[in-house]
Amino acid sequence: MLHRITRSYGKTEANLEHLRDQFLGPESAVAKGEWELWRMKLELLQERQDWKAVFETTGSLLRRARTTDASSQYSEARLSDWIVWNAYIRSAKELNVLESVSLPLDPSRSNNMTRLNSQVTAEVQAHLDPTCKIDKSWKRNASLALVKLTFE
């Protein structure tokens, strides 16, 4: 409820601060992994165009989605939702654009761009790996991400 009120009547920064809080955010015990809070956080980060934070957050969510818990279940598979994949690809693309505009003659910048692209590709491949037993509906999102990467 706090997040909805802050989102509607507060400032973006205040809402993001609540979402980053260990006791109020999506990682808190109160939230119990509530997907809507992750979604809000990603929306706000994208609105602020904080592409580095979007890239790090989505990358972390996708790794968690394909990680098994103590009972060998993919309990956080829903974190590989298309919204996460789309934000991951977009943030990598935006970071690449920012890198290329800032200092195009610096070779370390192009290495960073290559590293971002390879991270996205590696995550897609990890989700599509046959040894990853994540549900087909979540693997479909990784397949869509591969198509998007191919055509962009």
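1. A pocket here is an open set of points on a 1 Å grid over the protein atoms alone, where a 1.4 Å probe fits, with protein on both sides within 12 Å along at least five of seven lines; its lining residues have an atom within 4 Å of a point. The model is predicted, so local features need pLDDT of at least 70 and side-chain atom pairs count only at pLDDT 80 or more, while totals for chains, interfaces and linings use all residues. Residues are numbered from 1 along each chain as its sequence is written, and side-chain values use heavy atoms, without hydrogens and water.

2. Let's start with the second largest pocket. Ile89, Ala92, Lys93, Asn96, Asn117, Val120, Thr121, Leu149 and Glu152 form its lining. Helix H5 (82-102) and helix H6 (107-128) each contribute at least two of the lining residues, and H5 gives the most, with four. Helices are DSSP runs (H or I, at least four residues), numbered from the N terminus.

3. Asn117 sits in helix H6 and counts as partly exposed because its relative accessibility is 38% (buried means under 20% relative accessible area, exposed over 50%, partly exposed in between, with a 1.4 Å probe and protein chains only). Its C-alpha atom is 8.2 Å from that of Lys93, 24 residues apart along the chain.

4. Now to helix H7. Which residues of H7 are buried? They are Lys139, Asn141, Ala142 and Ala145. Viewed down the axis of H7, these buried residues fall within an arc of 145° (taken from the directions from the helix axis to the C-beta atoms), so they line one face of the helix. The face turned away from the buried side carries the exposed Lys136, Thr150 and Phe151.
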